[in-house]
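Me: I am new to this structure and would like to go through it by question and answer. Please show it first.

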Amino acid sequence: MLAICLIDLFIFIFFPAAILLIIAYIALNIIVLKKAIMYIKPLDIIIDASSRHEDVPLDIAALPDSLRVLAESMQYTNEQLNIAVSKAIKDERLKTELITNVFHDLKTPLTSIITYVDLLSKCDIDDEKAREYISVLDEKGAKLKRLIDDLIEASKVTTGNIAVNLSPMNLSELCLQATVDAQSDFEKSGLELVIKQGDGESVVFADGAKTYRVIENLLSNACKYSAKGTRVYISVYVYNENENGIFEIKNISAEPLNISPDELTQWFVRGDKSRDKDGNGLGLSIAKELCRVQNGSLDITIDGDLFKAKVSLPTNGQGVDKAAITAPRFYRILYYCFYLKS
């Protein structure tokens, strides 16, 4: 009986205290959890702002010391990064503008030199050596003029200092026009052009002159660097999934392509290390930038000696009178003469 009384007395005295202790423990945990949540939330905001290189959208002075130091450090890092990026963009623009101005200044006297060389070639000169020298001057002058023109164009496209007139155009017809114009050069190089076109009209929304230059550069690149006696494959089609008009060219390189696709689109970079081809390393760079300013892209793939370039342009010409979007019939006639006779 005494034992039961003692147990009852123990429960009566200590049970309320235990309940109070449990309640205090739960309350303490709630407070700690609340503090942790209040700490983690601004930490997430700081990390998110840092990942996007933006200012921290919080009152930094009101943050706990550890978070305040972290936020100030990240804010400073973002500011320095923005300054560095702005400076790099400015330096690149100034460099490109300098190149443009220098080559503009070179172009004026070069034009005079080419003109006088042309006049000399038309003079009655009996000395064979003199005529040979004039021929060399004419050839080198024309090559230098092409280099200067390409550099000026590359600098304009890179800095966005170029007018682009986007309108519906037939990519298939433009491809035929460019291939007919380049056919004789491919025949002289011992190359065979194989053209494959998709069903229907490949109407894209682009600048006709700029797109022609892209195709011309890619054809010229294939003509210069393809292995003799091989075929160059050209495809034109519409990729319905992404609604893009595609111009694709594939060729086998005469030299090993020990270079990445990204490097090939940089200024003055060429696939042939010997540099014995008539090129200046600007064609692919110009083509890539001309695609970019038309909301398109140029993707280059290298697989061993296989070189593949794919031009993708948006097709926003649905509903346009496609019969009116054609190249001159003259090029169609030439196309059938070249490709159907065989």
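Reply: Two strands count as paired if DSSP finds at least two bridges between them. The model is predicted.

Me: How many bridges join strand 5 and strand 7, and what stands opposite Ile-249?
Reply: Strand 5 covers residues 244–252 and strand 7 covers residues 306–314. They pair in the antiparallel sense over nine bridges. Within this pairing, the residue of strand 7 opposite Ile-249 is Ala-309.

Me: Which residue takes a positive phi in the hairpin of strand 6 and strand 7?
Reply: This hairpin has two residues between the strands. The positive phi, near 65 degrees, belongs to Gly-304.

Me: How many helices and strands does the chain have, and what share of its residues is buried?
Reply: The chain has eight helices and seven strands. A residue counts as buried under 20% relative accessible area. Of the 342 residues, the buried share is 34%.

Me: How far apart are the end C-alpha atoms of helix 3, and what span should its residues give?
Reply: Helix 3 runs over residues 128–159, which is 32 residues. At 1.5 Å a residue, the helix should span 46 Å. The computed distance agrees with this, because the end C-alpha atoms are 47 Å apart.

Me: Which residue caps the N-terminal end of helix 3?
Reply: The cap is made by a side-chain oxygen that lies 3.0 Å from the backbone nitrogen of Lys-129. That oxygen belongs to Asp-127.

Me: Is Ser-189 buried or exposed?
Reply: Ser-189 lies in the loop between helix 4 (171–188) and strand 2 (192–197). The cut-off for buried is under 20% relative accessible area. Ser-189 has 17%, so Ser-189 is buried.

Me: What does the side chain of Ser-189 reach, and with which residues is Ser-189 in contact beyond its neighbours within four places in sequence?
Reply: The side chain of Ser-189 reaches the backbone oxygen of Asp-185 at 3.1 Å. Leaving aside neighbours within four places in sequence, Ser-189 is in contact with Cys-223 and Lys-228.

Me: What share of the accessible surface belongs to carbon and sulfur atoms?
Reply: The accessible surface of the chain comes to about 21,200 Å². The share of carbon and sulfur atoms in that surface is 59%.

Conventions
Residues are numbered from 1 along each chain as its sequence is written. This is a predicted model: local features need pLDDT of at least 70, side-chain atom pairs count only at pLDDT 80 or more; totals for chains, interfaces and linings use all residues. Side-chain values use heavy atoms; hydrogens and water are left out. Helices (H or I, at least four residues) and strands (E, at least two) are DSSP runs, numbered from the N terminus. Buried means under 20% relative accessible area, exposed over 50%, partly exposed in between (1.4 Å probe, protein chains only). A polar contact is a pair of N or O atoms within 3.5 Å; within protein, one must be able to donate a hydrogen and the other to accept it, and residues adjacent in sequence count only if both atoms are side-chain atoms. Contact means heavy atoms within 4.5 Å. Accessible areas come from the Shrake-Rupley method with a 1.4 Å probe; for residues, only the protein chains shown count as cover. The expected span of a helix is 1.5 Å times one less than its number of residues.
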